[in-house]
There are 2 protein chains.
Amino acid sequence: MKRLQEKMEQEGRVLSAHVLKVDSFLNHQIDPQLMKEIGEAFAELFQKAGITKIVTLESSGIAPSVMTGLVLGVPVLFARKRQSLTMTDDLLTADVYSFTKETTNRIAVSNTFLTKEDTVLIIDDFLANGQAALGLIDIVQQAGSAIAGIGIVIEKSFQNGRTLLEEKGMRVESLARIDSLQDGHIQFKEEVAK
Amino acid sequence: MKRLQEKMEQEGRVLSAHVLKVDSFLNHQIDPQLMKEIGEAFAELFQKAGITKIVTLESSGIAPSVMTGLVLGVPVLFARKRQSLTMTDDLLTADVYSFTKETTNRIAVSNTFLTKEDTVLIIDDFLANGQAALGLIDIVQQAGSAIAGIGIVIEKSFQNGRTLLEEKGMRVESLARIDSLQDGHIQFKEEVAK
């Protein structure tokens, strides 16, 4: 997605060969117009997949997911990283290991919002080692819902997340794919979606 | 806001005289079309206030804020409830006490995204005791930004949040105001916005 790549080049900060900070438009400050265009891009990619629900992870997955859900006309369900007091229903949970933080987070959704009749699009902001996406897949499969695919805003293609997801038979669509972050520069893969 | 009130009556669950659960369209599962209408309502209320930025709190404030930012054409900044690894800039922080959870959370935003030139609209999903909104006000005032007002999706008018905010001279606009939750029934205040 050209506008996303331009924004990454203009505002992204390469902190190391592994870390790109996009806090000015995705992870802390959010650019609503860009999110709208991201939503339209995901909706176009998955428009014929029969999606009935989007599942994402708080907090950075919410904005792109809601914009996608608006175009597709389906609700968005976000997994929580810790149990909240009013989330008293039976929960579907998965443990997600973070390589960057070296911690394991339990993520959870209420089991009342996913059924065997649902076809789910999973959306997340970043794909690196794939652990968050694998946790979301686990939860959706516990509910017995079908998974149409994974929509990723920014993929770090030099890490193994895509491989792990494709080994599970998942369709992975990333709007920007980073080949490397060497020398403070973002090198994109050529074959990006749209 | 009529559509919001109808949704609350149809899908909200009154768990006690103090707790209304709206996990099916706002706090866990999100209704994107309703969020769009909420965004349009906030944008109309504050369209002449010269807003340059929206500030909210993760996670449930993000969806209504992004939809409002889309209409007003301004970015959204969400405060985090715990420090994330890549959030290494200087932080503006405030401590927020939760009466329901009986815990204090430190909320934080990077000081790079708010300036003395900004006029901020603060948005949150619920207003009860006002502690989260007071924390956001504190942060925005530390940055030296002006505050045009507070946009609240659901106000529990039987708690003292609005009074505390108005005592600080804040304009408070709530899209739904709950007078009471007695006997499992939502009693709305008459004079709701729109």
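Me: Which residue in β5(A) is the bridge partner of Thr56(A)?
Reply: Phe78(A) is the bridge partner of Thr56(A). This is a predicted model, where local features need pLDDT of at least 70, side-chain atom pairs count only at pLDDT 80 or more, and totals for chains, interfaces and linings use all residues. Residues are numbered from 1 along each chain as written, chains are lettered from A in the order written, and side-chain values use heavy atoms, without hydrogens and water.

Me: How many bridges join β4 and β5 of chain A?
Reply: Four, between residues 53-57 and residues 76-79, and the strands run parallel. Strands are DSSP runs of E, at least two residues, numbered from the N terminus, and two of them pair if DSSP finds at least two bridges between them.

Me: What order do the strands of that sheet have?
Reply: β11(A)-β10(A)-β9(A)-β8(A)-β4(A)-β5(A)-β3(B), an open sheet of seven strands with mixed pairing. β11 (187-188) of chain A and β3 (29-30) of chain B are at the edges with a single partner strand each, so one side of each has no neighbour in the sheet.

Me: How are the two chains related?
Reply: A rotation of 180° with 0.0 Å of shift along its axis superposes chain A on chain B, RMSD 0.0 Å (least squares on C-alpha atoms of residues with pLDDT of at least 70 in both). The copies are thus related as by a two-fold rotation axis.

Me: Which C-alpha of chain A is nearest the axis?
Reply: That of Ser59(A), 2.7 Å from the axis.
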